Amino acid sequence: MATPREQEAASYLEKHKIPELMNNLTSMLFFHRPENPREFLITQLALLKASRLRPLDCPCLIDESNLDAVFGILDPVKQGYITLAQYKQALATLGIQDFDECPEGADLSRISQETFKKEAKDGLLKGSSTFKM
């Protein structure tokens with residue numbers, strides 16, 4: 001059983017999204033493996049701070065080309081859409097927990113690449129931002 005002080009500390013960390021920040025920074029280090037990790041971290045923190053004003057600039061390991069590649073894998077015959085089930089599974093696989101369960105095209109189970117990318121970007125932004133949006 002946690003003491004009141006431990007509960008207060010856990011609440012503080014959760015409120016300020018400190019575990020998410022540390023996980024994101026660690027992932028960025030492992031992915032990029034910069035020669036100067038401290039300088040890299042300082043830059044990433046500066047980018048995160050700037051992204052509070054421009055959320056689309058939030059540092060993220062998955063970019064638009066990666067989303068295009070994921071969509072291409074799910075749509076190998078280039079129909080221009082994927083099924084609702086593929087959409088949900090792909091977003092879950094990308095680690096996106098909060099997304100529109102019934103996006104445009106869901107009624108016909110035809111999710112366009114544009115819709116997929118928009119929902120993925122929004123979810124990734126929410127997941128990689130370490131501040132309340």
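Leaving aside neighbours within four places in sequence, isoleucine 96 is in contact (heavy atoms within 4.5 Å) with Leu91, Ala120, Gly123 and Leu124. The model is predicted, so local features need pLDDT of at least 70 and side-chain atom pairs count only at pLDDT 80 or more, while totals for chains, interfaces and linings use all residues. Residues are numbered from 1 along each chain as its sequence is written, and side-chain values use heavy atoms, with hydrogens and water left out.

Ile96 is also among the residues with the most contacts inside the largest nonpolar core, which has 14 residues. Such a core is a set of buried Ala, Val, Leu, Ile, Met, Phe, Trp, Tyr and Cys residues joined through side-chain atoms within 4.5 Å; buried means under 20% relative accessible area, exposed over 50%, and partly exposed in between (1.4 Å probe, protein chains only). Helix α5 gives the most to this core, with four residues.

In α5 (residues 84-93), Leu84, Tyr87, Ala90 and Leu91 are buried. They lie on the same side of the helix because they cover an arc of only 130 degrees around the axis, taken from the directions from the axis to the C-beta atoms. On the other side, Ala85, Gln89 and Thr93 are exposed. Helices (H or I, at least four residues) and strands (E, at least two) are DSSP runs, numbered from the N terminus.

Two aromatic pairs are counted, pairing meaning that ring centres of Phe, Tyr and Trp (its six-membered ring) lie within 6.5 Å, with planes under 30 degrees apart stacked, over 60 edge-to-face and the rest tilted. The rings of phenylalanine 71 and phenylalanine 116 have centres 5.9 Å apart and planes at 45 degrees, so this pair is tilted.
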